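User: Hi! Could you walk me through this model?
Analyst: Happy to, here it is.
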Amino acid sequence: MRRRQHGFSLIELLIVVAVILVIAAIAVPNLLRARISANEASAGASMRTIATAELTYNLSYPAVGYANLAALGGAAGCSPSSTTACIIDEVLTAGNKSGYTFVATTSTSGTGVMDQYLITSIPQITNGTGVKAFCGIEDHVVMFISPATVPATRAVCDGGTYNPI
């Protein structure tokens, strides 16, 4: 009488591994696209947060006008002032969140008060952490361009190159 062997043959195991690799090859690109999409959504929301913070800061400190990221934020538990308004969280104050780099710059049109601002956001790794770049000025409309290019200047952001979200 012949004994029957238990277990799997090498060929059967190789077929199972091949099937798993094919499934992984299909799933991984979709997973990366989903992560990029989530990063872009977070960047857009962060841009809206910064634009709202700029408006709040301008209304709270009219003698100063608008502010950069450091003045809009502050450490956890900070006391509000014109140098650390405590309006945005410390992660966004640092300028890096969800694979994007944020910058807020201010300027004056000659009034002595910072009456203009430009906020920009670009992916830290283009096509890796994001595809779109974002910008906004004091009209509080967040704009985007795809694919991401160098950070927007005020003229580029306001000139129609970028599209509103």
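User: What should I know about the source?
Analyst: This is a predicted model, where local features need pLDDT of at least 70, side-chain atom pairs count only at pLDDT 80 or more, and totals for chains, interfaces and linings use all residues. Numbering starts from 1 along each chain as its sequence is written, and side-chain values use heavy atoms, leaving out hydrogens and water.

User: Where does valine 19 lie?
Analyst: Valine 19 is in helix 1 (residues 10–60). Helices (H or I, at least four residues) and strands (E, at least two) are DSSP runs, numbered from the N terminus.

User: And how does valine 19 count for accessibility?
Analyst: Valine 19 counts as partly exposed because its relative accessibility is 44%; buried means under 20% relative accessible area, exposed over 50%, and partly exposed in between (1.4 Å probe, protein chains only).

User: Switching to the sheet: what is the strand order?
Analyst: Six strands form an open sheet in the order 1-2-3-4-5-6, with antiparallel pairing. Strand 1 (96–97) and strand 6 (163–164) are the edges, each pairing on one side only. Two strands pair if DSSP finds at least two bridges between them.

User: Which strands does helix 1 touch?
Analyst: Helix 1 packs on the sheet and touches strand 1, strand 2, strand 3, strand 4 (133–137) and strand 5 (142–145). Its direction makes about 165 degrees with that of strand 3. Contact means heavy atoms within 4.5 Å; axes are lines fitted to C-alpha atoms, for helices over the stretch in contact, with angles from 0 to 180 degrees between N-to-C directions.

User: Is strand 3 mostly covered or uncovered?
Analyst: Mostly covered, with seven of its eight residues buried.

User: How many salt bridges are there?
Analyst: One turns up in a search of the whole structure. Glutamate 138 pairs with arginine 154, their closest N and O atoms 2.2 Å apart. A salt bridge here is a side-chain nitrogen of Lys or Arg within 4 Å of a carboxyl oxygen of Asp or Glu.
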